[in-house]
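Colleague: Can you bring the model up? I have a few questions about it.

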Amino acid sequence: MAGTTLRFALLLALLVAAGMSMIPRTVWHLLASPEKAGLEAACFLAAGIDPSVSPSASFVQSQRQPAALEECTARFAQDFTAVSVSVGLVALAAAFTVHRLLPLWRTRRHKVVPLGVVDVHGRLRPLLDELVAVAALNRVPRFVVDPASRATGAVAFGRPSRPVIRLDGGLVVTADSERERFRAVVLHELAHLHHKDIDITYAAVAMWRVFLVLVLLPWTAVGLDVLLLRGSAEARGMYAPFNTHAQVLGGLLVLRRV
């Protein structure tokens, strides 16, 4: 379970880093003046910088005449840092809101009932109490059942202060005939609670959903516009390698998440 926590922590770091790179580019292309942008690009071309080479190669080329290049670009530079920061803060606020609402959505998505409604004779309660003790939890979770589900799994969710484990109806039905499997499934979910990785899982899910809608989709739309539509065919061809590379990286990010 510790690996799960680390994986989601790394995903959060990746999304934050990607957002810090994508948001300024998207904002710049939406708000920047094409005329000034063209003049600033001309400064780089005049300095002998090839737009089709890698960033490291561009940096080396920019050191040939650094003072002249800086003076030229300063005249036409367009700074949208404040807007980019504001968009980033809005995205974080949206992710926080989704993070807080996920447990509620999980509960309402399935028509769950308290364990006692299904376990009328109380045969499961002693077993679940035993498993909670095995998992060494400080807080006993609330067990609910999705009676309409024929699956044989379970899901841990909720807040650290109010943990919940939802048992599928199919799992409850097979509790007697497949006792060891029942124990293994429940212990797996209890382990999530023991390692406290539910909250960071919610954070990663919320961040990904907000990143996809507010960051990645606008960034992709802007990238395709720059690659296929904006400016002259000559300019698009000149910057095509860089823009194509950026779009491929965005696509790989989606494939990695899926």
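What follows is a short chat about some strands, some helices and a surface patch.

Colleague: Before we start, what kind of model is this?

Modeller: This is a predicted model.

Colleague: What about E3 and E4, parallel or antiparallel?

Modeller: Antiparallel, over 6 bridges, with E3 covering residues 154-159. There, Arg 159 stands opposite Arg 162 in E4.

Colleague: How many residues lie between E3 and E4?

Modeller: There are 2 residues between them, and the two strands form a hairpin.

Colleague: Let's switch to helices. Which residues are buried in H7?

Modeller: H7 is residues 124-134, and its buried residues include Leu 124, Leu 127, Leu 128, Leu 131 and Val 132. They are on the same side of H7, because they cover an arc of only 140 degrees around the axis.

Colleague: Why would residues a few places apart point the same way?

Modeller: An α-helix has 3.6 residues a turn, so residues three or four places apart point the same way.

Colleague: Which residues are exposed on the other side of H7?

Modeller: Pro 126 and Ala 133 are exposed there.

Colleague: And what do the buried residues of H7 pack against?

Modeller: They pack against strands E2 and E4, and against helices H6 (115-118), H8 (169-173) and H9 (179-194).

Colleague: What follows H7?

Modeller: Ala 136 follows H7, and the phi of Ala 136 is positive, near 55 degrees.

Colleague: Now the surface. Which residues make the nonpolar patch?

Modeller: Leu 30, Leu 31, Val 83 and Val 87 make a nonpolar surface patch of about 330 Å². Helix H1 (2-31) and helix H5 (81-109) are the elements that give two or more residues to the patch.

Colleague: Is Leu 30 buried or exposed?

Modeller: Leu 30, which is found in helix H1, counts as exposed, because its relative accessibility is 59% and exposed means over 50%.

Colleague: Last one. Where is Gly 38?

Modeller: Gly 38 is in helix H2, residues 34-46, and counts as partly exposed at 39% relative accessibility. Gly 38 and Phe 76 are 38 residues apart along the chain, and their C-alpha atoms are separated by 8.9 Å.

Conventions: Residues are numbered from 1 along each chain as its sequence is written. This is a predicted model: local features need pLDDT of at least 70, side-chain atom pairs count only at pLDDT 80 or more; totals for chains, interfaces and linings use all residues. Side-chain values use heavy atoms; hydrogens and water are left out. Two strands pair if DSSP finds at least two bridges between them. Helices (H or I, at least four residues) and strands (E, at least two) are DSSP runs, numbered from the N terminus. Buried means under 20% relative accessible area, exposed over 50%, partly exposed in between (1.4 Å probe, protein chains only). Patches are made of residues with over 30% relative accessible area and no salt bridge: like charges are joined within 9 Å, nonpolar side chains (Val, Leu, Ile, Met, Phe, Trp, Tyr) within 5 Å. Accessible areas come from the Shrake-Rupley method with a 1.4 Å probe; for residues, only the protein chains shown count as cover. A salt bridge is a side-chain nitrogen of Lys or Arg within 4 Å of a carboxyl oxygen of Asp or Glu. The arc is that of the directions from the helix axis to the C-beta atoms. Contact means heavy atoms within 4.5 Å.
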